[in-house]
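The sequence and the coordinates are shown first.

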Amino acid sequence: MAPPFSARIQLLLLRAVGFLIGLIGQAARAFGGPKFGSRTTGPVNEPLLLLSAIQLAKLIRQRKVKCIDVVQAYINRIKDVNPMINGIVKYRFEAAKKEAHAVDQRLSEKLEDESTLEKKWPFLGVPLTVKEAFQLQGMPNSSGLVNRRDAISKTDATVVALLKKAGAIPIGITNCSELCMWYESSNKIYGRSNNPYDLQHIVGGSSGGEGCTLAAACSVIGVGSDIGGSIRMPAFFNGIFGHKPSPGNLTWSEETSIVFHLLTSLSSGISSYHICLFLYLFYKVVGHLENILGASVQHVKLKEMKYSFQLWITMMSTKGHDGKERVKFVDLLGDHGKPINPLWELIKWCLGLSVYTIPSIGLALFEEKLKYNKEKYKKFKAVEESLHKELVEMLGDDGVFLYPSHPTVAPKHHVPLTRPFNFAYTGVFNALGLPVTQCPLGLNAKGLPVGIQVVAGPFNDHLTLAVAQYLEKSFGGWVCPGKV
């Protein structure tokens, strides 16, 4: 029996779009992206930009460096570099300078000693950037959705408010994918962000604006979110640290402590950790851990990891804590107003008339088909529980698991359209509810960042952070873009 006429039209359109996406992918691989004089951003010449947040805060507290000089150094760097990478989409320079002067004025009055200042404001005077999808008072909050172009935050998101309370100074908001549901940061409001190591390559998503901004030394602390790798993929593609904590694990004070220690010194004694490694990845790392540290390394093959994408879909199919169905993506695209027609938007996109990106249209089209019925949900929920149990028992309280961050280094622009499910390498750990730190390991022969995910059992975030810090020191970590 032939399918209905409307279904045949939809199928033909999807095939046409698939063909177009294939051509886009081929063109991207052949010609890349933006046409600047250089394919990478320039090196850092200001020493202040090479210091960690903790180092900067300490120098400011000790009155060895003025806060305004730190903030101005970042502003100058942003003006030089951001036109190339398009990481920061709205500046907050004047307000930031005013707040920096206020910090310097307070310090000049010498009302508190250094110890008191550190306790009250651990990030005093440190520049901060915030993903545009988070509320930052007075700044746009559209999540890249044209329907929300005029939305301005009237308050701060909790994490932003707490970082400001700790003394950090926001200097801008950063780009993201439309409604934070794609792994290339591009939307119809702000355009596309570019990788500082090669402008023809992606920055990842959805927190990609943060990834490239931090990598290009345009900020030192970044706020992002991660439901399927939205922090870890940009961290991998841009060669920086990113951390997804254990769900429900951390209070604000504990989160502050983790950030603080990640940026300074975490722990020693890595040789006692029980290291587990995914079969084919980073034998150089393994050799170092075995030969230099004498660590116990096991090569493991977890058969159920092949269901990574299915496990992520299972997580996304779960009802909310109140027992209600999650808000549909198609309704979010309409900004809780008139629902959009994904098929009609697909037709408009083919004609260059849609205000939505093709990843969002595609997700809206297939949302219901991707959602699992009770039978499939039950099947893969059992797989998730089995894999979770296997990993937790294998890792114990002193083990870490090293796993690829992505099948490739940062691909060229548009190529993700031909590889939509590659985010499963990060998304699986959201489904499993395990802490993960994305660790930078320098650059490959083509000058693009490489790295690895460090995973541990529930509530053992300190292990992933400690191992990541050690690997960073041993293998190069972050490398300044444009460095000869």
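## Overall composition

The structure described here is a predicted model. The protein chain contains 17 helices and twelve strands. Of its 484 residues, 54% are buried. The accessible surface of the chain amounts to about 21900 Å², and carbon and sulfur atoms account for 57% of that area.

Contacts across the sequence were also counted. Among the contacts in the chain with a separation of 6 or more, 74% are between residues 24 or more positions apart.

## The four-stranded sheet

Four strands form an open sheet in the order E1-E3-E2-E6, and their pairing is mixed.

Strand E3 pairs with E1 in the antiparallel sense over three bridges. Within this pairing, Ile 88 has Thr 174 of E3 as its bridge partner, and Lys 90 has Ile 173 of E3. E3 also runs parallel to E2, to which five bridges join it. Here Lys 131 is bridged to Thr 174 in E3. From E2 the chain passes through H6 to E3, in a β-α-β crossover that is right-handed. Six of the six residues of E3 are buried, so the strand is largely enclosed by the rest of the structure.

## Helices across the sheet

H4 lies across E1 and E3, and runs at about 160° to E3. Helix H7, residues 208-215, lies across E1, E2, E3 and E6, and runs at about 175° to E6.

In soluble globular proteins, nonpolar side chains tend to be buried together. The largest nonpolar core of this chain has 56 residues, of which Val 71, Phe 123 and Val 126 touch the most other members. The elements that contribute two or more residues to this core include helices H2 (53-61), H3 (67-85), H4 (93-109) and H6 (158-165). Strands E1 (88-91), E2 (127-131), E3 (169-174) and E6 (221-223) also contribute two or more residues each. H3 supplies the largest share of this core, eleven residues.

Another core lies apart from this one and has 47 residues, among them Leu 302, Tyr 356, Ala 410 and Ala 424.

The buried residues of H16 are Ala 424, Thr 426, Gly 427, Val 428, Phe 429, Asn 430, Ala 431 and Leu 432. Gly 433 follows H16 and has a positive phi, near 70°.

The loop between strand E10 (399-403) and H16 holds Leu 417. Leu 417 has a relative accessible area of 18% and is buried. In sequence, Leu 417 and Glu 184 are 233 residues apart, while their C-alpha atoms are 9.1 Å apart in space. His 414 is also placed in the loop between E10 and H16. Its relative accessibility is 31%, so His 414 counts as partly exposed. The phi of His 414 is positive, near 80°, in a residue other than glycine.

## Residues in other loops

Ser 153 lies in the loop between E2 and H6. With a relative accessibility of 4%, Ser 153 counts as buried. Leaving aside residues up to four places away in sequence, Ser 153 touches Gln 135, Leu 136, Gln 137, Gly 138, Met 139, Pro 140 and Asn 141.

Cys 180 is in the loop between E3 and strand E4 (186-187). Cys 180 is not a glycine, although its phi is positive, at about 60°. At 15% relative accessibility, Cys 180 counts as buried. Further along, Ser 206 is found in the loop between strand E5 (191-192) and H7. The peptide bond from Gly 205 to Ser 206 is cis, with omega near 10°.

Definitions and conventions
Residues are numbered from 1 along each chain as its sequence is written. Side-chain values use heavy atoms; hydrogens and water are left out. A nonpolar core is a set of buried Ala, Val, Leu, Ile, Met, Phe, Trp, Tyr and Cys residues joined through side-chain atoms within 4.5 Å. Buried means under 20% relative accessible area, exposed over 50%, partly exposed in between (1.4 Å probe, protein chains only). Two strands pair if DSSP finds at least two bridges between them. A crossover is right-handed if, with the strands pointing away from the viewer, the path from the first strand over the helix to the second runs clockwise. Contact means heavy atoms within 4.5 Å. Accessible areas come from the Shrake-Rupley method with a 1.4 Å probe; for residues, only the protein chains shown count as cover. Axes are lines fitted to C-alpha atoms, for helices over the stretch in contact, and angles run from 0 to 180 degrees between N-to-C directions.
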